[in-house]
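Here is a friendly briefing to read with the model open beside you. We will go from the helices to the core they share.

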Amino acid sequence: MPNKRLNLRDIVVISFISAVLGVLYLLWVLLGQMVTGIFGPVGGGLMAGFWILAPVVCAYIVQKPGAAMLAELIAAGTEVMAGSVSAGAVLVLGFTQGLAAEIIFALFFYRVFRLPVLMLAGMAGTFAAFLTQYVLYGFSQYAGSVVVFMLITMLISGALLAGWAGKSFTDALVKTGVLDRFALGRQYRLEQQRDTV
């Protein structure tokens with residue numbers, strides 16, 4: 001039975017990936033502000049899934065308890081250190097988004113990491129982001145229909161940007177062999193061996 005505790009190698013790769021994404025999160029804020037300025041808060045909701053990439057990608061690679069939560073906390077911390085002007089809100093969002101994604105993986109006992117589960121984790125992360133921002137940023141000021149459509153676009157973004165795009169990126173990465181010492185890499189190599197038999 002494989003060890004399900006995070007080891008040093010897991011933590012190092014989670015930290016590296018999350019730190020890179022944390023910097024990109026900050027840059028994504030600027031793009032998100034532009035999109036929101038043009039298309040309003042509903043359009044801005046389509047950007048939300050990008051901020052859930054760290055927990056989805058890292059959990060998919062490592063496939064152990066705590067990976068998603070740790071990844072999003074590191075990404076949020078990196079975003080703050082990189083110069084975010086909303087440090088408190090970023091850290092709170094990092095916690096709630098990471099926790100939401102972690103809960104989804106826990107519901108499947110950290111055994112199922114197929115596309116539907118990754119998309120569900122992305123949606124859970126954006127749903128947590130919606131609830132957190134509703135409280136922090138006063139989404140109640142918007143008309144009810146706007147709030148509903150914001151939630152819908154955020155959920156779609158979570159499924160596509162975090163779930164589908166996150167899996168697609170990671171699947172391309174695993175083919176290079178750099179992830180062979182992690183759960184996902186071992187699974188990929190095993191499938192390759194079966195296909196050659």
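Helices (H or I, at least four residues) and strands (E, at least two) are DSSP runs, numbered from the N terminus. Just after helix H2, glutamine 63 takes a positive phi of about 60°. This is a predicted model, where local features need pLDDT of at least 70, side-chain atom pairs count only at pLDDT 80 or more, and totals for chains, interfaces and linings use all residues. Residues are numbered from 1 along each chain as its sequence is written, and side-chain values use heavy atoms, with hydrogens and water left out.

**The bent helix H1**
- H1 covers residues 8-44, yet the C-alpha atoms at its ends are only 37 Å apart, short of the 54 Å that a straight helix would reach (expected span: 1.5 Å times one less than the number of residues).
- H1 bends by about 110° at isoleucine 38, and proline 41 follows within four residues (the bend is the angle between axes fitted to the seven residues ending at a residue and the seven starting there).

**The covered helix H2**
- Ten of the ten residues of H2 are buried (buried means under 20% relative accessible area, exposed over 50%, partly exposed in between, with a 1.4 Å probe and protein chains only).
- The cover over the buried residues of H2 includes H1, H3, H4, H5, H6 and H7.
- Isoleucine 61 is in contact with Ile17, Thr170, Leu179, Phe182, Ala183 and Leu184, leaving aside neighbours within four places in sequence (contact means heavy atoms within 4.5 Å).

**The nonpolar cores**
- The largest nonpolar core has 42 residues, and Ile14, Tyr25, Ile61 and Phe113 are among those with the most contacts inside it (such a core is a set of buried Ala, Val, Leu, Ile, Met, Phe, Trp, Tyr and Cys residues joined through side-chain atoms within 4.5 Å).
- Two or more residues of this core come from each of H1, H2, H3, H4, H5, H6 and H7.
- H2 gives the largest share of this core, nine residues.
- A second, separate core has eight residues, including Ala129, Phe130, Phe139 and Met150.

**Glycine 77**
- Glycine 77 sits in helix H3.
- Glycine 77 is buried, with a relative accessible area of 18%.

**Spans from the record**
- An unreviewed UniProt entry lists residues 12-31, 38-62, 82-110, 117-136 and 142-165 as "transmembrane region"; such annotations may be inferred rather than shown by experiment.
- Residues 38-62 are 68% helix and 0% strand, with end C-alpha atoms 38 Å apart.
- Residues 142-165 are 92% helix and 0% strand, with end C-alpha atoms 30 Å apart.
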